[in-house]
Amino acid sequence: MDPVCMWPKVAVLLLLLLTAMRPRTEAMVITSSGSQTVQKAEGESVDLGCTYTPAAEDKGELDIEWSNVSPDMTQKDKLLLSYAAGQTHNYYPEFKDRLKFSTEPNQGDASITISALKASDTGTYQCKVKKAPGVDMRKVTLVVLVPPSVPKCWVEGGEEKGATVTLRCKSSKGSIPLTYVWTRETGGAMPATATQDVGGELVIKNHTDSNTGTYVCEAKNSVGQAQCKYNLRAYNPTDNVGKIVGGVIGGLLLLILLLILIWLLIVCRQKKRYQKEAANEIREDVPAPESRPASRQSSRHSSFQSMAGYRTHQGVQYSSVRGHMPSIHESGPIYNGSSNSPSIAGDKATSLKYDERYGFAV
């Protein structure tokens, strides 16, 4: 190969080698190296780190943004805090008094502090630092946990000797995983027949007097703990039998009293009904008052007089009832309805009979 032809190729290779050996200028870079996931208890404060180092060629204006990344990729992230042109801007009222830059953000530290943490603050936060042409970002996940509330301790069932006793413990609030641990505070070590689980249940078999004492239940998670106490006792089975017998006797007495009241109500009702029926029978048995003879005779006479004016028979002459009433056999003249003198129709007299229904002779 001609050496003259080799020189251009050698020159190109040397140029590429010198370019590769030349030191590189780094761009903007965020240097925070803390954990990507931070756990804090509700009510506490947290610092989310975001230190940065710009490159020499980054001459643009410093722009810092903190946003809450939406778990839904189709939704926009929420811009919370920013720093631009030497001014800080807070965009959400719920974070206005709780969210701020930890130091001066233009001094290479854009970390933020969130105080009075709430469970709703749980989420992923992103720090973005831009100084043209350099730009870099970092994400950190914040988990706000609720410490367990003071649990409630109680016994399920009775505390009879020889029986199985179950102690329970439960907190109404607390982030999971939430575990419970029973310990014995007084009376000695935990009974040999006792078993428990992380759900807050302590079971003691074959309960005796030696198991009595104070037991403590502690509820805890990664951010806190709380406890309650229960004083365990031991009762003889006969005590409960007495309570049962007393309850049965009391129930029977109440039932008897109720039956007596019902019986009294029935008796009173029947008595009122009997008195009402007796009063009705007395009214039916009383005879009607008898009329006086004189008044009856006077009534008959008045009836006769009233009827005599309307009921007349041609050919019959009526006389007063006050006369010879017992045998009314009259014969009289027969009128023909004219103005002439009456004529007697034969020798045979007309016979009349007194009728008591009408009060006059018919």
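1. A nonpolar core here is a set of buried Ala, Val, Leu, Ile, Met, Phe, Trp, Tyr and Cys residues joined through side-chain atoms within 4.5 Å. The model is predicted. Its largest nonpolar core has 26 residues. Trp66, Ile114, Tyr125 and Val129 touch the most other members. Strands supply it: S3 (46–48), S5 (62–69), S6 (78–84), S8 (99–101), S9 (112–114), S10 (123–131) and S11 (134–145) each give two or more residues.

2. Which residues does tyrosine 125 contact, leaving aside neighbours within four places in sequence? Among them are Leu48, Trp66, Leu80, Phe95, Ile114, Val140 and Leu142. The list also includes Ser67, Asn68, Arg138 and Lys139.

3. Next, the open sheet. Four strands make it up, in the order S12-S13-S16-S15, with antiparallel pairing. Strand S12 (152–156) and strand S15 (194–196) are the edges, each pairing on one side only. From one strand to the next, the twist averages 15 degrees.

4. Look at one pair within that sheet. S12 and strand S13 (residues 165–170) run antiparallel and are joined by five bridges. Tryptophan 154 has arginine 168, in S13, as its bridge partner.

5. Last, the annotated segment. An unreviewed UniProt entry places a "transmembrane region" at residues 244–266. In the model, this span is 100% helix and 0% strand. The C-alpha atoms at the ends of residues 244–266 lie 33 Å apart.

Technical notes:
Residues are numbered from 1 along each chain as its sequence is written. This is a predicted model: local features need pLDDT of at least 70, side-chain atom pairs count only at pLDDT 80 or more; totals for chains, interfaces and linings use all residues. Side-chain values use heavy atoms; hydrogens and water are left out. UniProt positions are given in the numbering used here, feature names are shortened, and annotations may be inferred rather than shown by experiment. Buried means under 20% relative accessible area, exposed over 50%, partly exposed in between (1.4 Å probe, protein chains only). Contact means heavy atoms within 4.5 Å. Two strands pair if DSSP finds at least two bridges between them. Axes are lines fitted to C-alpha atoms, for helices over the stretch in contact, and angles run from 0 to 180 degrees between N-to-C directions.
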